[in-house]
Structures are given as C-alpha cells and as structure tokens.
Amino acid sequence: MKSFVVALIGLALLTRVAPAQDDRRLRFTVTGLAGQQLVQSTADDVTDKLSGHLMGFEGVMVGSPFMVRVRYGEGRIKPKPESNAEARDVVSGEALFGVRALPWLSLWVGPSARAYTVGESDQRWLVWWGRAMARGTLMPGRMQTYVELGGVFGGNVGNPGLKAGGRMASGGLEMRFGAMSNFWGRLGYGIESLHADGLRETVETLTLSVIYGLPQ
C-alpha cells in the first residue's frame, strides 16, 4: 500500500497543471446528500448484514492547483432479517487535501473516520487514505462522470487499537439542472472495505446528492 501512495505523490510532482486551470480564484461547492447503505460486518468469522439510511453534507474548496474536501454524514443501520446483530447509530466523516495533477485527474490524501454506537459501546475506524479521482465529460457543461480509487496507508480500529488497512472505489454521474444553473445532481455508488486482525467491514453506499457550484 505504501507503493500506491508513493505513486500518487510522484505523479503529482511529475505532472504540470494545465493552462485551463490557471484561474487562481478560490471556488466553493456545497453538497447535500442522502444515501442507502449496505454493511457487512465480520468479527471472529461471524458476519452480520445491516442496512439503513445516511444523511450528510460535503464542502469542497478549489484553488489552483490545491483543493480541500470535507464530508460528514450520520444515520442508523438495522440488521437484515437473517442477522442477529443489533441496530447501530453511524457517524462518518473525512477531511482530504488534494492537488490537480492533470485537467481530468486529482490526487487526495487525508483521514476518514467511521464510528458505530451499539447500546453503550462504541467502535471507531480511523484510517488515512491516498486516493485518485478521474473525471470525464459526456456533455460539456451539462453532464460528466467520475471514478475514484483509494488505498489505506495507515489506521486503527478499537481500543486498544488494532492496525487497520483497506481500499475503496466509487463512481457516478453528475448532471446540471439547467444550462445556466449553479445546481447539479449526482447519482453515485461507492464501496469501501476495511480490515484488521479478526475484523472486516464492507460498506456499499448508493447516494443521491444536490450540489451548488460546479463539481470539482
């Protein structure tokens, strides 16, 4: 996984920002999102399946070439009928620092956390990511796609903490509501798999978002 992070950093250093990104004014996007999550949680070879809804927001500050992305969400997931697990309250968040390596490629690094509350006990995954996001245009100024891939290069779960690792992938479609509108809609899907000694957490999320400002 360290080689993955080194490759991301190397690509950022070896590429130049395209002339189209020379506008150095700060720009901001604000996103409200609602998601449906499917969680598979394995501990000591026992797997529980849960699902539920998540609500949250995302904010992105875009400079040239640097960017900052902050995301927060919370909700409640309940066990599937075949599972004996208890319902869980979920809080998740991330804070990522990015750089635009190419007009269509941005590289990100930073922490994310996912915390569960089950009765009076808590479980928290805290990991550091290296990620790469690529964008493609279907209709200039109206419709675009994105794909994001990432790997964990450090993290822990539990108290006392166990060393954690993992990977993620996401993608989706973004569409402008009108030719002159500042509002966009996004339909996205993501999967995140985290693991530690005796533990594994796989989270699939289908998200519908409303974005103010051009997605970056």
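The dialogue below takes up cavities, aromatic pairs, charges over rings and paired strands.

Guide: This is a predicted model, in which local features need pLDDT of at least 70 and side-chain atom pairs count only at pLDDT 80 or more, while totals for chains, interfaces and linings use all residues. Residues are numbered from 1 along each chain as its sequence is written, and side-chain values use heavy atoms, with hydrogens and water left out.

Visitor: How many cavities of 30 Å³ or more does a search of the whole structure find?

Guide: Rolling a probe the size of a water molecule over the atoms shows where empty space is left. On a 1 Å grid over the protein atoms alone, a cavity is a set of points where a 1.4 Å probe fits but cannot get out, and lining residues have an atom within 4 Å of a point. Grid points are joined across faces, edges and corners, and a volume is the space filled by probe spheres set on the points. Here the search finds 2 cavities of 30 Å³ or more.

Visitor: Which strand gives the most to the lining of the largest cavity?

Guide: Strands are DSSP runs of at least two residues marked E, numbered from the N terminus. Strand E10 (residues 183–196) gives the most, with 7 residues.

Visitor: How is an aromatic pair described?

Guide: One gives the distance of the ring centres and the angle of the planes. Rings of Phe, Tyr and Trp (its six-membered ring) pair if their centres lie within 6.5 Å; planes under 30 degrees apart count as stacked, over 60 as edge-to-face and the rest as tilted. The whole structure has 3 aromatic pairs. In one of them, the ring centres of Phe66 and Phe97 are 5.6 Å apart and the planes are at 25°, so the pair is stacked. This pair links distant parts of the chain, with Phe66 in strand E3 (residues 66–79) and Phe97 in strand E4 (residues 88–102), 31 residues apart.

Visitor: Is Phe66 buried, partly exposed or exposed, and why?

Guide: Phe66 counts as partly exposed because its relative accessibility is 46%; buried means under 20% relative accessible area, exposed over 50%, and partly exposed in between (1.4 Å probe, protein chains only). Phe97, at 43%, is also partly exposed. Another pair is Phe183 and Tyr212, whose ring centres are 5.1 Å apart with planes at 65°, so this pair is edge-to-face. Phe183 lies in strand E10 and Tyr212 in strand E11 (residues 199–212), 29 residues apart.

Visitor: Over which ring does the charged end of Arg88 sit?

Guide: A charge sits over a ring if NZ of Lys or CZ of Arg is within 6 Å of the ring centre and within 35 degrees of the ring normal. The charged end of Arg88 sits over the ring of Tyr116, 4.7 Å from its centre. For Arg186 the ring is that of Tyr146, at 5.4 Å.

Visitor: How many bridges join strand E5 to strand E6?

Guide: Two strands pair if DSSP finds at least two bridges between them. Strands E5 (residues 105–118) and E6 (residues 121–139) run antiparallel and are joined by 14 bridges. Tyr116 has Gln123 in E6 as its bridge partner. The two strands form a hairpin with 2 residues between them, and Gly119 in the turn has a positive phi of about 65°.

Note on methods: 1 Å grid on protein atoms, 1.4 Å probe; cavity = no way out; pocket = protein on both sides within 12 Å on 5 of 7 lines; lining within 4 Å. Helix = DSSP H or I, 4+ residues; strand = E, 2+ residues; numbered from the N terminus.
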